[in-house]
Amino acid sequence: MPIYVSFDSADVWSNRNLFEIDARTCVRKRVSGVPPDYFSADGQLWGNPLYDWVAMEKDNYRWWCDRIARARELYDTVRIDHFRAFASYWAVPAESETAKNGVWEKGPGKKLFDAIFDAFGEVPIVAEDLGTFGEDVVELLQETEFPGMRVIQFGFSPDCDSTHLPHNYPQNCVAYVGTHDNTTLLAWLWEAAERDRRFALDYCGFDGENWGEGGFQSPACRKIIETVFRSPARLAVLSFQDLCGFGSDARMNVPGRAFGNWLFRTTEETVEKIDTAYYQKINRLFKR
């Protein structure tokens, strides 16, 4: 579930009073995005209208409760993208051409989730808590007890003891080899700096010379996948592209780029080539 909705959506059109837009002219006042980060020097300017959290609080966040209710009809578990904006969010003037000139604003915090808990009781939500972090996000995760996310690709730096390295994972998290925003695992191995790649291979116990070998039985990719599956995380997630050992041409999405994303497709023949016996084995071995 993306945290924001599109400016031209039925949600905005029928609930203009709940967003930072002029109710008469529909002109956006401020828009969504994130400041400069790992993925982009200019930040990411998403352009969605921001929520008017004061207006939403007046009816005890009814719009959000309706949204969660609909998601519960469709899915077993809901991963809310950009969860950190519930704690504090980046607000950018609507006329800005990049996300550099925004400001942090306080989000609704626990009040929103209290309303959701009152409506539904325990809700199976995964908090996508990546990106710019802060103590307010940590506190909100602790208060809601939602599992956060860990991505092993983000941990492969020999210079720090990253929270994204599996030996630091709490049990209450979801561990990813890579998300939709990451390049594929094989592509990361080829594109990484030598010392980062060496650290990753050593960390995961790969001691061969054929680290660049891809495909359905890629030996280096398998070592990294097994390291994630071996972690104490409640759930481990592996992308289809990494099941197949594909390279950068199979990447799903490049954050901040407005074209060429979400175009990956596959064939029945490719699906049949996946080594299902291997994945069944590691699921049994690591009690997944």
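In the predicted model, Y51 is in contact with I3, Y4, V5, L18, F19, E20, M56, W63, W64, R67 and Y89, leaving aside neighbours within four places in sequence. Y51 is also among the residues with the most contacts inside the largest nonpolar core, together with W53, W64 and F86. This core has 37 residues. Two or more residues each come from α2 (53-58), α3, β3 (78-80), β4 (88-93), α4 (110-120), β6 (125-127) and α5 (135-144); α3 gives the most, with 5 residues. Apart from this core lies another, of 32 residues, which includes F156, L185, A236 and I282.

R67, one of the contacts of Y51, is placed in helix α3 (residues 62-74). R67 is buried but forms no salt bridge. The nearest side chain of opposite charge is that of D11, at 5.9 Å, and a salt bridge requires a separation within 4 Å. A polar atom of the R67 side chain does lie 2.7 Å from the backbone oxygen of P2. Beyond residues up to four places away in sequence, R67 touches M1, P2, I3, Y4, V5 and Y51.

I282, a member of the core of 32 residues, belongs to helix α12 (residues 276-285), where the buried residues are Y278, Y279 and I282. Seen down the axis of α12, these buried residues fall within an arc of 95° and therefore line one face of the helix. The elements covering them include α9 (219-230) and α10 (240-244). After α12 comes K287, which has a positive phi near 60°.

Note on methods
Residues numbered from 1 in each chain as written. Predicted model: local features only at pLDDT ≥ 70, side-chain atom pairs only at ≥ 80, totals over all residues. Heavy atoms only, no water. Buried < 20%, exposed > 50% of the residue type's maximum accessible area, 1.4 Å probe, protein only. Helix = DSSP H or I, 4+ residues; strand = E, 2+ residues; numbered from the N terminus. Arc of directions from axis to C-beta. Contact = heavy atoms within 4.5 Å. Lys, Arg positive; Asp, Glu negative; His and termini not counted. Polar contact = N/O pair within 3.5 Å; in protein donor to acceptor, adjacent residues only side chain to side chain. Core = buried A, V, L, I, M, F, W, Y, C linked by side-chain atoms within 4.5 Å.
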